[in-house]
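Look at the structure first, then read the points below.

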Amino acid sequence: MSLGTSQAVYQILSRVVPQSGYNELYGNTSQLRVKCRKKLSSRRRFLIESSTSSQLRPHRFPLTAVSFCDYKTYSHPRLQTCKCQQAENLSGITSGDGNGARFASDVEKSNLVSNVMSAKSVVEFEDVQLLKQEKEILSSNITNGNISKNFDSVSINSIEDEAWDLLRESVVNYCGNPIGTIAAKDPNSTNVLNYDQVFIRDFIPSGIAFLLKGEYDIVRNFILHTLQLQSWEKTMDCHSPGQGLMPASFKVRTVPLEGDDSATEEVLDPDFGEAAIGRVAPVDSGLWWIILLRAYGKCSGDLSVQERVDVQTGIKMILKLCLADGFDMFPTLLVTDGSCMIDRRMGIHGHPLEIQALFYSALLCAREMLTPEDGSADLIRALNNRLVALSFHIREYYWIDMKRLNEIYRYKTEEYSYDAVNKFNIYPDQIPPWLVEWMPNKGGYLIGNLQPAHMDFRFFSLGNLWSVVNSMATEEQSHSILDLIEAKWSDLVAEMPLKICYPALEGQEWQIITGSDPKNTPWSYHNGGSWPSLLWQFTAACIKMNRPHIAAKTVEIAERRISRDKWPEYYDTKRSRFIGKQSQLFQTWSIAGYLVSKLLLADPSKANILITAEDSELANAFITANPKGKRGRKNLKQTYIV
C-alpha cells in the first residue's frame, strides 16, 4: 500500500472513533451528581442531585424586585458564591434542540465500538473489507482526477474536528454546568498569566459558535452568571466603578467554606480591571454582553431570558452608564486608552472607532430587547436621540476616501462659526505621507479616532468591520470598506488574516505613543499584528454585503497554517509570516473565530443573529434632522449635537 493510500485510510478509520464532547466531560448524565459544596468529612458530605428541570435556579440578584430607579442603593458581594440547591439537567448541553438524541446516539456508537473491539475476528474482517473498499474508492478517484480534491476535503474536515475538540476542552464549569471558555489552554505552557480566566470579549465568538451549533445552555449560563457579577462593590484607590460596569473576566475558584474549613465551595472571582495590566476598566464588556444576549434570543428563539426582570435591569444599567451626561460634547463614547480589545497603550484614548461601533450595536440591540413600560420611556427616547447623532457623527466626520482626503488637504483652519467646514480644526499637515500613497482610488474606511485638532488615520479592522455589520456605515461606505480590503489585500490580509490595525507605529512614534512597549513592537500584538480571531467578524461583514467569496478566501488562507501553527493568538511581521513572539498557543477565540466563519459560510442566513439592518425610522430621523448634512443654529433645540 502506498504512503498516500495509507494516510487516506487512516483518516477514514479515525472517523469511527467518537469525537470528544460534552458527553465525555460529564459522563453518564442520567446519573450525574454535582458537588456544589465539597465536605472533606464523609459524615457530613453534601451531594446535590442534578435536577430534571432545564431552568436555572432563581437569580438571587437583589435588583430583581426593585425598579430601575432604585438600583443605586444596591451593590454586589466581592465574590459570586455557588449556593444553588439544584443543578441544571445536563442530559444535553442544548435545550430543546434534540441534543438528548445526540447523546443517546453517542452512547450507542460508543457501545458499538466497544462490542466491535471485543470481537477480534470481527475487527479483522471489518478492516479487510474497509481496506478493500478504500482501495476501490482511491482507484476510482485517481481515474476521475478527484484525488487531490478529496484529500483537501479530508484535511479541512480534520481541522474543523480538531477545532471543535479544542473549543470543548476549553469549557469551564461552575456548579457542574458549563459557564464559559478560558482564553487559552496550551498544555505545554506553564506561564498562563490570566489566560486561564473567562473573558467576556473572548467568549463572544465561542458563544456564537455554540449558538450556531445548537448548543444554547452554555451561552444562557454565561449571560446570567456574568449579570450577577455586574456592579461590584470592590473599589480601587478608594474609587468605585460606575454602576452597570461588567467585568473584563472572571475565574471559577474553589475556596474553603466560611465557618467550616473542612468544606469547600465554588465562587466566581471577577476582575474589573483592578488586576489587569494597566489597571483599565473594560468599556467593551457590557456592550458585547448586550450583543450576545440578542444573538442568543434570535438563534434559540428563547426570549424569556431577555424578558427577565434582572436581565432588563442589567441592560438599563449598562445603558445608563454609557448615556450618562458629562463634560464630553460629542455623541461618541469617551473612553480611556486600553479599554477595549486593544488593551494596551496605543494612542486610541478619547473616541476610538471600535468602541463607537460596539456602542452603536449595543444601543440598537437594547432598543430591540427592552420591554415597553413607563420606566423605559425616557431611556428609549434618549437612546433614539443618541443613535441619530452617533450615526451622523461617524458617517460624516470619521469617513475618509480619496475625495475626502483631498478636501482635508485643502482645509482652512481657525474657522469660527456654526457652518464651519473644518469643525475640529484639523491641520492639513497632519495627513501622514504613508496615507497619500496608500489610499486607493476605489475604496475608503472609517478612521481610528477623531478629537479636536487630531485625526488618527490608521485603519482599525474591528471598528470598520463592525460598522458594516451593524449598519453604522452607510451601504455605500460598507462596500467601500470591503473594496479597500481587496485593494490592499497584501497589507491587511497577507499570509494570515487579519491585521488588527495598519500601519504599525514605528521609531520615535512607537516610543512616544506606546511608551516603548516591548510587547507592542512594530508589526506585533496590537501594533499591526495579525489576529485570526477577526475572521468571524470579517465573514459576517462580507455576508451582509452579499460578498461572501471574499471571506471564503480569507478562511482558505487561514486553513493553510492555523492548525499546523497550533492556533496562535496573533502573528507577527508585516506579512504575518511568524507566530507572535509572545503569542499564546491554542488561543480559544482564534479557534472559535475560525469555526464561526465556517458555520456562517455554510449557511449565510445564520449571520442574521449578528447583523442589524439600518432602521427606516432612524434613517428618516437622520434626514429630517440634517437635510443638508450641516449643523446650523436652527438645530440648537435638538437634544443631541452632531
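The model is predicted. In this chain, residues 24 or more positions apart account for 73% of the contacts with a separation of 6 or more. The chain holds 22 helices and 15 strands.

**Whole chain**
- Of the 642 residues in the chain, 54% are buried.
- The accessible surface of the chain is about 29200 Å², and carbon and sulfur atoms contribute 51% of that surface.

**Helices α11 and α12**
- Two packed helices are described by the angle between their axes and the distance between the axes.
- Helix α11 spans residues 353–369 and helix α12 spans residues 377–398; they pack at about 150°, with axes 10 Å apart.
- Because angles over 145 degrees count as roughly antiparallel, α11 is roughly antiparallel to α12.
- The crossing of α11 past α12 is left-handed.
- On the α11 side, the contact is made by L353, Q356, F359, Y360, L363, L364, A366 and R367. On the α12 side, it is made by L383, N384, R386, L387, L390, S391, I394 and Y398.
- Eleven residues of this contact between α11 and α12 are nonpolar, three are polar and two are charged.

**Helix α15**
- Helix α15, residues 461–469, is mostly covered, with nine of its nine residues buried.
- The buried residues of α15 include W466, L462 and L465, along with G463 and N464.
- Among the elements covering the buried residues of α15 are α8 (284–300), α11, β11 (444–451) and β12 (454–460). Helices α16 (475–487) and α19 (535–544) also belong to this cover.
- Just after α15, S471 has a positive phi of about 65°.

Key. Residues numbered from 1 in each chain as written. Predicted model: local features only at pLDDT ≥ 70, side-chain atom pairs only at ≥ 80, totals over all residues. Heavy atoms only, no water. Helix = DSSP H or I, 4+ residues; strand = E, 2+ residues; numbered from the N terminus. Buried < 20%, exposed > 50% of the residue type's maximum accessible area, 1.4 Å probe, protein only. Contact = heavy atoms within 4.5 Å. Areas by Shrake-Rupley, 256 points an atom, 1.4 Å probe, with all protein chains shown as cover. Axes fitted to C-alpha atoms, helices over the stretch in contact; angles between N-to-C directions. Parallel < 35°, antiparallel > 145°, perpendicular 65-115°, else oblique. Left-handed = near helix turned anticlockwise from the far one by under 90°. Nonpolar A, V, L, I, M, F, W, Y, C, P; charged D, E, K, R; others polar.
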